[in-house]
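Subject: Structure handover and findings

Hello,

Here is the structure you are taking over. My notes on it follow below.

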Amino acid sequence: PAPPEGEITVVSRPEPQGYSLEQNYPNPFNPATTISYGLPAGGVVSIEVFNVAGEQIGGIDVGYREAGYHAVSWDARHLPSGVYFYRVRAGAFSQMKKMVLLK
């Protein structure tokens, strides 16, 4: 049954068993999107954004994060519509995914 109106339901997720990078949401997006990732251990995290030519055109110096699931918002209102790539780095982990900015 649904909780009564006004109650808060807490949904907990287990700690990640490994590093993970989720697809940004929404995708396509305009002008901002959310990038989510999981860390099995605490560490320094950075997110880099590239255009289709492979040039780094932005990024977020996230800094140190504890183990768990995290999300950051990235605003691309200053960029033209197109395909972009984002890469998350944490320790030896590095993974890249594609996203579409549609204005």
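A contact here means heavy atoms within 4.5 Å. Leaving aside neighbours within four places in sequence, His 70 is in contact with Ile 35, Ser 36, Tyr 37, Leu 39 and Arg 65. His 70 lies in strand E5; helices (H or I, at least four residues) and strands (E, at least two) are DSSP runs, numbered from the N terminus. The side chain of His 70 also reaches the backbone oxygen of Glu 66 at 2.7 Å. That is a polar contact, meaning a pair of N or O atoms within 3.5 Å; within protein, one must be able to donate a hydrogen and the other to accept it, and residues adjacent in sequence count only if both atoms are side-chain atoms.

Some conventions before the rest. The model is predicted, local features need pLDDT of at least 70, side-chain atom pairs count only at pLDDT 80 or more, and totals for chains, interfaces and linings use all residues. Residues are numbered from 1 along each chain as its sequence is written, and side-chain values use heavy atoms, with hydrogens and water left out.

Core

A nonpolar core is a set of buried Ala, Val, Leu, Ile, Met, Phe, Trp, Tyr and Cys residues joined through side-chain atoms within 4.5 Å. Buried means under 20% relative accessible area, exposed over 50%, and partly exposed in between (1.4 Å probe, protein chains only). The largest such core has 20 residues, and those with the most contacts inside it are Ile 35, Tyr 37, Trp 74 and Val 88. At least two core residues come from each of the strands E2 (32-39), E3 (43-51), E5 (68-75), E6 (82-90) and E7 (93-101). The most come from E6, which gives four.

Beyond four places in sequence, Val 88 touches Leu 21, Ile 35, Tyr 37, Val 45, Ser 46, Ile 47, Phe 93, Ser 94 and Gln 95. Trp 74 is in strand E5 and counts as buried because its relative accessibility is 6%.

Sheet

Strands E1, E2 and E5 form an open sheet in the order E1-E2-E5, with antiparallel pairing; two strands pair if DSSP finds at least two bridges between them. E1 and E5 are the edge strands, each pairing on one side only. Between E1 and E2 there are two bridges, in the antiparallel sense. Ser 20, in E1 (residues 20-21), stands opposite Gly 38 in E2. Ser 20 counts as buried because its relative accessibility is 17%.

Aromatic pairs

Rings of Phe, Tyr and Trp (its six-membered ring) pair if their centres lie within 6.5 Å; planes under 30 degrees apart count as stacked, over 60 as edge-to-face and the rest as tilted. The whole structure has two aromatic pairs. Tyr 19 and Phe 93 are stacked, at 5.0 Å centre to centre and 10° between the planes. Tyr 19 sits in the segment before E1 and Phe 93 in strand E7, 74 residues apart. Tyr 19 is partly exposed at 36% relative accessible area, whereas Phe 93 is buried at 15%. Phe 29 and Trp 74 are edge-to-face because their ring centres are 6.2 Å apart and their planes are at 65°. Phe 29 is in the loop between E1 and E2, 45 residues from Trp 74.

Regards
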